[in-house]
Each structure stands twice: as C-alpha cells, then as structure tokens.
Amino acid sequence: MTRIRIEVLGPSPAVSSMLADLLIETVASGGSVSFMHPLDRETARAFWDVALDCAARGECVVLGAWDGDALVGTVTLLLKLPPNQPHRAEISKLMTRMSHRGRGIATTLMQAAEVCAVERARTLLVLHTAVEDGASVFYERLGFALTGIIPDYALKPHGGLTGTMVYWKRIGNA
C-alpha cells in the first residue's frame with residue numbers, strides 16, 4: 001500500500017476538480033455533507049472554489065489526503081467564527097474515497113486537523129454528524145464527547161430527514 005500524505009490545500013483548478021469529484025462520490029453514496037443527490041459538477045466545483053479561497057484568506061484550513069497523485073480524502077477546519085469564539089474551531093466535510101475507506105485515512109486527517117487547530121491556539125473542536133449513517137462511533141473513538149441530538153436537522157442526500165449529533169473535544173493545553 002502506498003503511503004498516504006496529508007497536505008494543506010490551496011486554490012488550484014486541479015485540486016478544486018479533485019475535491020468536486022470526492023464530494024460528488026460522497027453524496028452519491030449517502031454521505032450527509034450538506035448536499036443533495038444528484039450533485040452536479042458545477043455546484044460541487046463552485047463550493048470548493050469558495051472553500052479554497054477562504055483557506056487562502058486564513059478563514060479555514062482544507063487538508064487533503066494523497067495516495068500518489070490521487071486526492072483520496074479531505075477535511076476542513078473552520079476558523080472564521082464570531083468574535084466571542086476565538087478559542088474554537090469546527091470540523092467540516094470529512095470525506096474519504098470509497099476505494100480508500102478502512103485504511104485509517106479519516107483518522108489521520110482528523111489528527112492533522114487537530115494539530116492545525118492547536119497551532120492556531122484553538123482549544124476546543126466542535127462538529128456534528130448525521131444520526132442515521134453518520135460517523136458517531138468514529139468520532140467517539142477519537143475522544144469527542146456527545147453534547148446532544150437535534151432531531152430532523154437536515155435532509156439526507158437521497159431524501160428523508162435525519163437528526164444531527166453535536167460533538168466537542170478539548171485540545172492542546174485546555
């Protein structure tokens with residue numbers, strides 16, 4: 001197996017295109033990442049263009065997991081939060097290619113995101129995941145604590161409502 005490398009991603013047409021492919025695959029397979037199926041390429045690409053521009057401005061960090069020249073996973077660390085919350089960051093859009101799941105890539109991405117957050121003096125991470133088909137067990141294994149569940153929070157990619165589970169984790173020297 002090739003060694004997976006994690007890199008901070010910046011604005012690039014090629015990277016945006018690869019991220020769009022990953023997002024489309026994730027939504028098609030039922031991943032609850034704020035989009036509905038079918039997700040068209042233009043919408044997926046526009047989302048990542050904006051996200052990568054935000055990253056260039058320091059408002060977030062978009063990390064990519066590479067297997068050779070293939071982008072096989074990503075996670076976003078949201079940093080631009082209200083003025084009374086400079087101590088925290090949010091985890092968003094954790095996705096791994098179907099072909100690369102079960103190899104520890106998501107764990108490695110989350111560990112890298114935590115390091116990025118600590119380097120930016122963040123002491124609290126928050127995230128949410130779908131109740132149905134979400135990653136609650138995965139996040140709990142990484143030390144995240146469940147705050148609660150909000151019922152009927154969002155539509156699943158293929159339709160029907162699902163709740164969301166809200167998690168938090170203290171990091172760094174907190």
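This is a predicted model: local features need pLDDT of at least 70, side-chain atom pairs count only at pLDDT 80 or more; totals for chains, interfaces and linings use all residues.
Residues are numbered from 1 along each chain as its sequence is written, and side-chain values use heavy atoms, without hydrogens and water.

I read a pocket as an open set of points on a 1 Å grid over the protein atoms alone, where a 1.4 Å probe fits, with protein on both sides within 12 Å along at least five of seven lines; lining residues have an atom within 4 Å of a point. Helices (H or I, at least four residues) and strands (E, at least two) are DSSP runs, numbered from the N terminus.

For the second largest pocket I noted 14 lining residues, with A51, C54, C60, T76 and L78 nearest its centre. Two or more lining residues come from each of α2 (41-56), β3 (70-78) and β4.

I then turned to the largest pocket, which is lined by 43 residues, and found S32, V33, L94, T129 and Y139 nearest its centre. Here β4 gives the most to the lining, with seven residues.

Last, I looked up L155, which lies in strand β6 (residues 145-155). I recorded L155 as partly exposed because its relative accessibility is 47%, and the term covers values between buried (under 20% relative accessible area) and exposed (over 50%), with a 1.4 Å probe and protein chains only.
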